[in-house]
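Please look over the model shown below. The report that accompanies it covers strands, helices, cores, aromatic rings and a metal site.

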Amino acid sequence: MTLSKIKEAKFQGAFGPDVKIPVFKTPQGKVMPEIALIGRSNVGKSSLINHMLGRKGLAKTSSVPGKTQTVNFFIVNDQVALADLPGFGYAKVPKELRAKWGPLIEGYLQGRENLKLVLFLFDIRREPSEEDIAMLDWLLHFEKDVIAVFTKSDKISHSAHQKTAHQILEHLRADIPFVIFSTNENKGKEALIRLIDNHIQAT
Ligand SMILES: Nc1nc2c(ncn2[C@@H]2O[C@H](COP(=O)(O)OP(=O)(O)OP(=O)(O)O)[C@@H](O)[C@H]2O)c(=O)[nH]1
Ligand SMILES: [Mg+2]
């Protein structure tokens, strides 16, 4: 399986806080490996999915934080599922919605054995928030494999990319693989596909 040869990408459904989220199966009947996208609201999770899959508008994006409010699944080549999660920690998102976020994400993550990899997105311009730190610690504590993706790299100068990425990882106290990413400048796609492919093959 490789994400570099995408024959088919489809939306597979949206799941809210009050439903049990199913595990998907391949046509061969195997449980599908899953990759989840996690990060604060507006960081660019849905945009990254569209960019990686080469399908504008497949995942709904918005300049207003809080666009994705359910766990949305996209299935690639009938073999791998991508889970687009609602973003956390945006003050402008209504309180009611923020209160539902925790149980929804926890409900999804807990016991999700087919979750092979988490793409944790960080806006390259921002210091990680308390929620970023807590979420990443939680994932690493439960030995989830995590790749950091630094989004919106077009917003800072190229010469600052590596240094800023390392500073953020130091702040997070995390020694994990990372990719500098921009949908606007088409940066990081190949590097991310390589990391994901290596990972899926290794597990
Ligand atoms: N400049 C720039 N803007 C980006 C990039 N990626 C995403 N954006 C913009 O960031 C905004 C938020 O993108 P989304 O993909 O909806 O973010 P999200 O993380 O899915 O947000 P929630 O669904 O609210 O959790 C949109 O206006 C995007 O156009 C990027 O690489 N560069
Ligand atoms: Mg979204």
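## Basis

This is a predicted model, in which local features need pLDDT of at least 70 and side-chain atom pairs count only at pLDDT 80 or more, while totals for chains, interfaces and linings use all residues. Residues are numbered from 1 along each chain as its sequence is written, chains are lettered from A and ligands numbered from 1 in the order in which they are written, and side-chain values use heavy atoms, with hydrogens and water left out.

## Sheet

Seven strands make an open sheet in the order β1-β3-β4-β2-β5-β6-β7, and the pairing is mixed. Strands are DSSP runs of E with at least two residues, helices are runs of H or I with at least four, and both are numbered from the N terminus. Two strands pair if DSSP finds at least two bridges between them. The edges are β1 and β7 (178-180), each of which pairs on one side only. On average, neighbouring strands are turned by 20 degrees against each other, direction ignored; axes are lines fitted to C-alpha atoms, for helices over the stretch in contact, and angles run from 0 to 180 degrees between N-to-C directions.

Strand β5 (residues 115-123) pairs with β6 (residues 146-151) in the parallel sense over six bridges. β2 and β5 are also parallel, with five bridges. V118 is the bridge partner in β5 of A36, and V118 in turn has V146 as its bridge partner in β6. Eight of the nine residues of β5 are buried, so this strand is largely enclosed by the rest of the structure. Buried means under 20% relative accessible area, exposed over 50%, and partly exposed in between (1.4 Å probe, protein chains only).

## Cores

The largest nonpolar core has 37 residues, of which I38, Y108, F120 and M135 touch the most other members. Such a core is a set of buried Ala, Val, Leu, Ile, Met, Phe, Trp, Tyr and Cys residues joined through side-chain atoms within 4.5 Å. Its largest share, five residues, comes from α2. Leaving aside neighbours within four places in sequence, I38 is in contact (heavy atoms within 4.5 Å) with residues including K45, F88, V118, F120 and M135. A second, separate core of 26 residues includes V43, I147, V179 and L192.

## Aromatic pairs

Rings of Phe, Tyr and Trp (its six-membered ring) pair if their centres lie within 6.5 Å; planes under 30 degrees apart count as stacked, over 60 as edge-to-face and the rest as tilted. The count by this rule comes to 10 aromatic pairs. In one of them, the rings of F11 and F74 have centres 5.5 Å apart and planes at 50 degrees, so the pair is tilted. F11 lies in strand β1 (residues 9-15) and F74 in strand β3 (residues 71-76), so the pair ties together parts that are 63 residues apart in sequence. F11 counts as partly exposed at 43% relative accessibility, whereas F74 is buried at 1%.

F15 and F24 form a tilted pair, 6.4 Å centre to centre with 55 degrees between the planes. Both F15 and F24 are buried. One aromatic cluster is formed by F88, F120, F122, F150 and F178.

## Magnesium site

Which protein donors does the magnesium ion (ligand 2) have? They are S46 (OG) and T68 (OG1), lying 2.1 to 2.2 Å from the ion. Donors are N, O and S atoms within 2.8 Å of the metal (3.2 Å for Na, K and Ca); water is not among the atoms, so sites may look incomplete. S46 lies in helix α1 (residues 45-53) and T68 in the loop between α1 and β3, so the pair ties together parts that are 22 residues apart in sequence. Both S46 and T68 are buried.
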